[in-house]
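Colleague: Could you take me closely through one part of this model, namely the aromatic residues and the packing around them? I would like the cut-offs stated as you go.

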Amino acid sequence: MTINAVPGTSGKMTQVPGEAATVSAAAEVTGGVAAGNFIESDIDEELFRFNSDDTPLMNLMLKAKRVKVNSPEVEHFMIDEARSSVVLTQPVDASGQMQAVLPLRACDQTIPRPYSTLLVRGVNGYDETGREETPGKDLMLFVTGYDPTTNNPVVRAVNGPRVSATDEFCTIPDIPKDSECVILANSLYETQKEVDPDLIVPQPTKVYLQKRGMNQVVSDYFESQRKRIPFSKAIIAEQAIANFKVRGNRTLWAGRGGKFKVNVPRMGMQYIYCTEGLRWQFKRELQHEGKWTVERIIALAKMFFTGEDVPKTALLLAGKNLLEQIQCIDFSKHPEIQITTKTNAIGWTVTNFHTVFGDIEIKREPTLDRLGWSNSGALIGENRLVHYIYSAEHSFSDRVEGEEATRNGILIWDALALKGGCHIWIDGEGKGTAEDALSFRIWDSEEAPADAQPGDIYYLTVDCPGISAAARTGQMWQMAIRVGTDQKPAAVWVEYKGELSAE
C-alpha cells in the first residue's frame with residue numbers, strides 16, 4: 001500500500017497523519033524509495049582497518065644486523081669454517097715403507113701442511129712395540145712435505161708397525177680407499193718457530209639491492225568532500241602501506257636477482273636492480289616426503305645445531321600445511337618432548353619445540369602459502385641475517401605539478417641476505433633445488449630407497465641394512481658412481497663424510 005502525504009499549513013506535502021514514524025513508512029511516503037537507500041549504511045570499523053601480521057620475514061629483516069652500503073651492488077662475503085678432514089681417492093699400499101704419498105683430490109692437496117698430523121679414521125694403529133694392533137685407536141700420520149710429481153702430501157706413521165721393537169721409525173700399513181683423514185694440530189721440532197701460514201680468502205657473491213616505492217595521490221576535492229564511507233588520508237595511507245609491505249615480503253622470499261637498463265623519458269638510460277629472494281640463497285635443502293615424526297624433527301635439529309656454523313636460535317617460518325603436519329605429530333612415545341607457547345625475543349608468539357640439540361621456534365608465514373609453498377618452510381638462524389641498506393626508508397609529500405592534488409609516498413633501497421651455512425630450506429613441494437644448494441633427504445626405512453639417483457644423500461633415522469650392513473642411525477649415505485675392478489662405472493652406496501653444505 002502506498003502512503004500518501006497531505007499538505008501542511010504552508011502547502012508542502014509533509015504530513016502523514018495516523019502513521020507511526022518507522023523506516024518503512026518514511027521510505028514509502030518519499031516516493032517508494034527503498035529502505036536501504038533511505039538510511040546510511042554502517043561500517044565495521046575494525047574490519048575496515050584490519051591489517052594482519054602478514055609479513056614475518058620483513059619484520060625479521062628489520063630486526064637483523066643493519067649494514068649501510070654506498071652502492072646498490074654489494075659483495076656479500078661468507079667465510080666458511082676450515083675443513084676438518086680430507087678423503088683418500090686411492091688406496092695406499094705402502095707396507096714396509098717409511099713414507100708414502102697420500103692420494104687426495106686436487107682441491108684438497110694443499111690442506112695438510114708440513115708438520116701437521118692426520119688421524120686416519122677406521123685404520124688401527126699399533127702399540128709402542130709396533131707389533132700389536134690397537135683396535136679402536138686410529139693410525140696417526142705426520143706430514144713431512146709434498147711429492148714433486150703429484151703435489152700430494154708425503155706422510156710417515158706416528159704409531160704404525162715396526163719391523164723391530166727397537167726401530168726408530170714406523171712403517172706405514174695399508175690404508176683403504178675413501179679413508180677419512182681428520183686434520184689435527186701441527187707438531188713442531190724443539191727449536192722450530194716458523195710454520196706455513198694459513199690464508200683464508202673469502203669468496204663473495206653479488207647481492208643487488210632493490211629500490212621499492214609506494215605512491216598515493218589524493219585530490220584536494222576528494223579530501224574536502226563529505227563521504228558516506230569515512231575515507232581519510234590516514235586510512236588510505238594505512239592500507240597502501242600494508243599492501244606495500246605484503247608485496248615486498250613476497251619479493252624478500254621469491255624475487256630473482258638481476259640488473260638491467262630502461263629508457264626513462266627526459267632522463268635517458270638508467271639501471272634497475274632486482275634482489276635475490278631468500279628462498280634461492282639456501283645452501284642446504286631438505287627434500288621432504290611422507291609424514292613428519294618426532295625422529296625427523298630431532299634429526300632436523302641435529303643437522304641445524306651441530307654443523308660447522310652453529311647459530312644461537314632456530315626459527316622455522318612455515319607454510320600452513322607444514323605447520324599442520326608438525327602440530328599433528330604423535331608424541332605419545334616421547335613424553336619427554338615439550339611443545340610450549342612462548343613470546344620470543346622478537347616479540348612474536350611462537351610454538352617452541354624443545355630438543356636436546358636446541359629449541360626450534362615455529363611461526364606461520366602466510367606469504368609461503370600465497371607463493372605455492374604451503375608444504376615448505378625455512379629454518380633460519382635469527383642472528384645469521386644481514387640487512388643491507390643503500391637508502392633508508394623515508395617518506396615524502398609533494399604537490400602534483402599542474403594538478404590540485406598531493407602525492408605522498410615511501411621509498412626504500414635495501415636487500416636481505418643469509419650469512420653462514422646453518423640455514424635449511426624444507427622443500428615439501430618436490431619442485432627441485434636451487435642451483436648451488438646441497439640436497440638431502442631423511443630416510444626411515446630399513447630398505448634402500450628405490451628411486452635414489454647418483455649424488456642423492458640420505459640422513460638415516462633407523463639402521464638401514466638395505467643400503468649397507470654398516471649403515472647406522474644418524475649417519476648420512478650417498479649414492480655415488482665408482483669404477484669397479486672391471487673398469488666400468490657403477491652406482492654404489494658410500495657413507496657421506498662431508499658437512500651438509502654446498503662446496
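Modeller: Buried here means under 20% relative accessible area, exposed means over 50%, and partly exposed lies in between, with a 1.4 Å probe and protein chains only. This is a predicted model, in which local features need pLDDT of at least 70 and side-chain atom pairs count only at pLDDT 80 or more, while totals for chains, interfaces and linings use all residues. Residues are numbered from 1 along each chain as its sequence is written, and side-chain values use heavy atoms, with hydrogens and water left out.

Rings of Phe, Tyr and Trp (for Trp, its six-membered ring) pair if their centres lie within 6.5 Å, and planes under 30 degrees apart count as stacked, over 60 as edge-to-face and the rest as tilted. The rings of Trp 373 and Trp 280 have centres 6.1 Å apart and planes at 85°, so this pair is edge-to-face. The pair links distant parts of the chain, 93 residues apart: Trp 280 lies in the loop between β12 (268-274) and β13 (284-287), and Trp 373 in the loop between α9 (366-370) and β18 (377-380). Helices (H or I, at least four residues) and strands (E, at least two) are DSSP runs, numbered from the N terminus.

Ring pairs join Trp 280 and Trp 373 with Trp 253, Phe 282 and Trp 425 into a cluster. A charge sits over a ring if NZ of Lys or CZ of Arg is within 6 Å of the ring centre and within 35 degrees of the ring normal; the charged end of Arg 256 is placed in this way over Trp 280, 4.7 Å from the ring centre. Elsewhere, Lys 363 lies over the face of Trp 348, at 5.2 Å from the ring centre.

The count of aromatic pairs comes to 12. One of them joins Tyr 271 and Tyr 273, and this pair is tilted, with 6.1 Å from centre to centre and 35° between the planes. Tyr 271 is partly exposed, because its relative accessible area is 42%, whereas Tyr 273 counts as buried at 13%.

As for the packing, a nonpolar core is a set of buried Ala, Val, Leu, Ile, Met, Phe, Trp, Tyr and Cys residues joined through side-chain atoms within 4.5 Å. The largest such core has 31 residues, and those with the most contacts inside it are Leu 286, Trp 292, Leu 316, Ile 360, Leu 379 and Ile 424. Several elements each supply at least two of its residues, among them β14 (314-318), α8 (320-327) and β17 (359-364), but α7 gives the most, with 8 residues. A second, separate core of 22 residues includes Trp 373, together with Met 58, Met 61 and Ala 378.

Taking contact as heavy atoms within 4.5 Å, and leaving aside neighbours within four places in sequence, Trp 292 touches Leu 286, Ile 297, Leu 300, Leu 322, Gln 325, Ile 329 and Ile 426.

Strand β23 (residues 457-460) is covered on both faces, with Ile 457 and Tyr 459 buried on one side and Tyr 458 and Leu 460 buried on the other.
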